[in-house]
Every structure is written in structure tokens, then in C-alpha cells.
Amino acid sequence: MARAIWSGVLTFGLVTVPVKLFAATEDHTVHFHQLQRGTSDRIRNRRVNERTGDEVDTGDIVKGYEIDEGEYVVVEPDELDEIAPGRSRTIDIGDFVDLDDIEPVYFDRTYYVAPGGKEYTKVYELLRVALAEANKAGIATFVMRNRQYLTALRAEDEVLVLQTLHWPDEVRDPREELPELPSGRAGRGKQLDMALQLVAALGADWEPARYHDTYQEKVRELVKAKAEGREIATAQGPPEATEVVDLMKVLEGSLQAARSGRAEAPARKAPPKKAGAASARARGRGSGGKSELRKLSKAELYRRATEQDVPGRSKMSREQLVDALAGSARRRKETAA
């Protein structure tokens, strides 16, 4: 069982619940040691004085901030400790915001939040269900390892998740950073309609188990092949860029291939889903009620709108899609009656 990396309390309003944080991800990257070519001698990094070349003990190293060329302000480790945000053990939620309003670029690392004991599970579950039904995220700051983090607390099936966020001044403006951006939005037309059909044809349920790191697999195969004295095939280069004049033709070909591929491909056995989530989706499909539709992601809402040929769906917000689908379901019921 994993060890908690942080423990403290989570507060919202006047409610306080002890919690623990656990890492939600792990690194499976293939790691290499550095060796001198032609030998099995390891290469080690050492801290040396740039002027004398002598190795420096860790205790004799201080931090320096360069204020001018060759001129530094020296800062001792204990001076940094004195102004650190402290050893706060509180995640204090100040705001609840719409989860869909947080742009993905702000999300950084993910942690699972566990109740601090069995006696706190009821309050923990109360907050989780409230966040799930409201589709909200709790925004808070907290301190871990002498660093302050901006975080978003959100709900998943059976567990609360805490995601650290980038501070606003850490997120770059694409208009300032990118050399080329479209000058305007794509207008309605055959190309956009074809692109929307292609997106719908390639639509699928989110099943993380379907995806895997093929590059790391090839790295392991390369190491194994070299150890056994075998050769390994090199990868192909990227395809050529699509010319604008050929765009419609390429879209039509892509759509045809997607449709035929889905028809010919053997059905994949989806991983088992929790009964609660499955029944909720079934109720949403059957009733079309707003409360059930709001539990769906925007991608799934758009997919249903495409299936029902809801006009103007490509420009709708998540809430507008909910309204449109609910109205469509209501009209179908009235017609059937």
C-alpha cells in the first residue's frame, strides 16, 4: 500500500475533515546510466568550484541571485526557511468554481485525497457527492515541502482528487508565444461540416486502458535486441502536411476510412464499469432529463447532439447542449404520445 505524502485537514465553510494525500501517478520511463564510451565506467556529476576546479562540499554551498554581471546577492538556506509559507497543514477551500471553466493548461500534478480515518468518511463522501452533482471544483492553497500550491479539489468515482494548478503568471499567452495563429474562425461550409462528421465518426468512450506508451515499449525492445545481438527496425518519418487545396478530398477520404474501419473492426471488450456510473448513463439516455444530462461530459453531450442532428451544436456551450438535448427529448416524447 502506498504511503501518504502529506496529511492535514480539509476545510470548507465551518466543516473540517482530516485528510491524507497520495500520489495518483507513477513514472514508467526507461532510465539510463551515463557511461564513458567504450567502457562500463559510470559518469558521476560533481559540484566543483568554477574558478579553481576543486570539489565543494554540500554544506559550503549557498544560493546566489545575480543582480548584475558577476555580482550576486547571497542567500543562506535558513533565510529561505524563515520566509517560507510555514508548515501549514490545512487545505482551506475559499471558492467553488465551475470545473469546466478551468482551462486544462492550468492543471499540473494529481493527488488522491483520502479521509484521515473511518470516522471521517461520511463528511468526505458528502463533499465528494456535492462536488460531483454540482460539477464544481474547490479552489484552495496549501503548503507541502516548504512550497505553496494553488489547487483544485474535484470529485471522481468514489474518491476526491486534488490537482495542483499553475499560478496565473506561469501560464503563457499563446498569442504572444506562437508565431502563427488563424486570423479568424472557420465559417460554416462543406469543409467544416465534413470535419464535424469525421470527429463524430471517430468518437469513442474514454477508456484509458486502450492507450499505452509505444515509445517506451520500443526502447525496452531496443535494449533487449542489443543485449541479444539482434537488429531492430527504425521508425518511419512523419507524413507530409496536407495542402489546403486537397483538404476536402483528404477529409472525404478520412471520413470514408473512419466509417469503414469502425464497421470492419472487431468489437473491443470494454473494461467493466461501476454499476452506479452505468445506470446513470442509462438513465440519461432514456430520460433526457437535465439533471442526468449534466452528469455527462461536454464531449458526450456533443456526440448525442450530433446523433440527433441538433442545429447550431458546434457553437453551443455545455449548458446550451444540455438545454438543447433536453428539449429534443421532450419533443420526441410529445410526438410519440
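These are my notebook entries on a few places I looked up in this predicted model.

**Confidence.** I began with pLDDT. The chain averages 82, and 87% of the residues score at least 70. I then marked residues 263-287, where pLDDT stays under 50. For that stretch I noted that the model has 23 contacts beyond four places in sequence.

**Thr11.** Next I went to strand β1, residues 6-12, where Thr11 has its place. Is Thr11 buried or exposed? I found a relative accessible area of 10%, and because buried means under 20%, Thr11 counts as buried. Its side chain has a polar partner: I read 2.7 Å for the contact with the side chain of Asp92. Leaving out residues up to four places away in sequence, I listed Thr16, Thr90, Ile91, Asp92 and Ile93 as the residues that Thr11 touches.

**Helix α5.** My last stop was α5, residues 214-227.

At the start of α5, Asp213 brings a side-chain oxygen to within 3.1 Å of the backbone nitrogen of Gln216. After the helix comes Gly229, and I noted its positive phi, near 75 degrees.

Which residues of α5 are buried? I wrote down Gln216, Val219 and Ala225.

Key: Residues are numbered from 1 along each chain as its sequence is written. This is a predicted model: local features need pLDDT of at least 70, side-chain atom pairs count only at pLDDT 80 or more; totals for chains, interfaces and linings use all residues. Side-chain values use heavy atoms; hydrogens and water are left out. Helices (H or I, at least four residues) and strands (E, at least two) are DSSP runs, numbered from the N terminus. The expected span of a helix is 1.5 Å times one less than its number of residues. Buried means under 20% relative accessible area, exposed over 50%, partly exposed in between (1.4 Å probe, protein chains only). A polar contact is a pair of N or O atoms within 3.5 Å; within protein, one must be able to donate a hydrogen and the other to accept it, and residues adjacent in sequence count only if both atoms are side-chain atoms. pLDDT is the predictor's confidence in each residue, from 0 to 100. Contact means heavy atoms within 4.5 Å.
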